[in-house]
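This report concerns aromatic side chains and their contacts. Please consult the sequence and structure below while reading.

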Amino acid sequence: MYKHGNLKWILASSLLLSLATACSNQGSNSNEPSAAPPAADNSGSETAGAAQDPLGKYPETVTVSQVIGYNPPEDPRIPKGITPDKNAYLKDLKDMMNIDVKFKWMVPSAQYEQKFSLAMASGDLPDLLELDPKNFEKLKQQGMLADLTEAYAQYASPALKKYMGSDGGFTMKTFSSDGKQLGIPVFEDPFLSTQLLWIRKDWLNNLNLQAPTTMDELEKVAEAFVNNDPDQNGAADTYGVALQKTLFFWGFDVRGFFNGFGAYPSVGDAQSAWIPDGDGKLAPGLIQPEMKTALGKLQSWYQKGIINKEFALKDENKVVEDITSGKVGISYGEWWYPNWPLNMNVDKDPKAEWIAVQIPGLDGPGKSLVPKIRAGKIYAVSKDFKHPEAIIKMMNYYIEIGYKKYMDQKKPEDGFVYNWFNPRVYNPAQIDTVYTEVNKALEANQTEITLDDENYTNVAGVFKASKDFLEGNTQTATKGVNWGQYYSRVAKEGGWGLTRKVKESQAFVHNEFYGLPTSTQVEKGGQLDKLMQESFTKIIMGGDLAEFDKFVASWKTLGGDDITKEVNEWYSKQPK
């Protein structure tokens, strides 16, 4: 979560698929780019022999520095007290390839952006760089990124090249400059970003309510969740809709809420959305009139207690605590929520039952915003690092351990925390592969998965969890863990199952801008994001709704008009 780990993510995600592997994945297949001639050694001391193999072991230890902003492990079987530097994947990497990972610093994900900004400002960068598009563009302009062209051509495994070439090399080209490959993007099925509405079905049943399909119905349900004791514990201790302080983030935010009003401000993680203006150009969704209407409704919800009165103080971890403890019954979010954190609520409360529905709109189900490209994370390398090929080999490692022969060696209970390992590169169609293969196996009453490629671990892990959940077997994992795997990835009405239906019914709107951040976005994007966050939060908490008009004027003056011009210059050059 995919987020930064995250996914951020997922985050972070993320843009995140098995009991021991990643949670925001998916893909395609062939069309791999042709390999360039073998690279000459640019390290000054060639790592000969086995190390030249994509999975070969260095004869002498190569140390790679990293930084990390991390969320708690997504699998509750992970041993308590473990930290990212103790992740068992790192020891395994050292044993297999003689690559030793050292962390320059480790912070909770909420502190990562500020910490990494300080590191960029001081030039104190790690060897491996996990970047969003804005920071990638900034470091590219500063000449801080290593050229990975030869390292990729020589060391990338066939599987890695297959993934990166699955879209004809389009996304890889986006992160190159003057023929130099400056980053390796993690790109996925754009529909992984589809917003859904997650709601407690047991609370609906307790109050004799139906799942909402319109905003008015959602408001009535949410008010009932505040006022009518939906958990039947005799206490006024619940509220309606989860929301954390960052309004457009990677999770527990209000992107889906705004989409229900026909407003499309953001694809998350401070990435603004751009929609056709009807005259052949793109307009920023953030400043359209529908936004003002939606903000007015959020203000009303705040006053009614539908959203928590302390939302502006809550980070994602505080919201997760509310979900886990049964204080809130509705959340907007992507397909992966059952995998975390809804599974923890299911384990804590045996009566808890969550379902997914298409986001409510004004007159019926609404349309979710979906990006044209989902590539929010790019792995790059500091220009001063002497072994850029080591980063490519680490990507090969992560793909390799998806094979069947490794499955029993990478157990969460042994300290393997996949969402703390970087760099993670996935099959761009991973989730659809899992959905298809597991459903096929379940329908055929198979006892095991017969697939044997790099997708095996993900498919087999979800298959076992699904069978265990459907059979009520909790010998190897809790009900919540098994349900989370099944309902996020396999159930026809679950996370990915419903997302497929949204795609098939074309109940979505595309974010039409998929280029790298423009020069003004890089220079002034942070200032504009802060302006938006402060203005919208003030309105939600009771400020004059006319503040929105002031925000629009300030946004345009402080750089928004320049960004709009730059985005449309880019758009004019794209095929229509």
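## Aromatic rings and their contacts

The charged end of Lys 393 is positioned over the ring of Tyr 58, at 5.4 Å from its centre; a charge sits over a ring if NZ of Lys or CZ of Arg is within 6 Å of the ring centre and within 35 degrees of the ring normal. Lys 309 likewise lies over the face of Tyr 302.

| Charged residue | Ring | Distance to ring centre |
|---|---|---|
| Lys 393 | Tyr 58 | 5.4 Å |
| Lys 309 | Tyr 302 | 5.4 Å |

The model is predicted: local features need pLDDT of at least 70, side-chain atom pairs count only at pLDDT 80 or more, and totals for chains, interfaces and linings use all residues. Residues are numbered from 1 along each chain as its sequence is written, and side-chain values use heavy atoms, with hydrogens and water left out.

Across the whole structure, 37 aromatic pairs are found (rings of Phe, Tyr and Trp, its six-membered ring, with centres within 6.5 Å; planes under 30 degrees apart are stacked, over 60 edge-to-face, the rest tilted). Phe 252 and Tyr 337 form a tilted pair, because their planes stand at 55° with the ring centres 5.1 Å apart. This pair links distant parts of the chain, 85 residues apart. Phe 252 is buried at 0% relative accessibility (buried means under 20% relative accessible area, with a 1.4 Å probe and protein chains only), and Tyr 337 is buried at 0% as well.

Trp 483 and Tyr 487 are stacked, since their planes lie at 15° and their centres 5.5 Å apart. Both residues are buried. One aromatic cluster includes Phe 252, Tyr 337, Trp 483 and Tyr 487.

How values were computed:
Helix = DSSP H or I, 4+ residues; strand = E, 2+ residues; numbered from the N terminus. Buried < 20%, exposed > 50% of the residue type's maximum accessible area, 1.4 Å probe, protein only.
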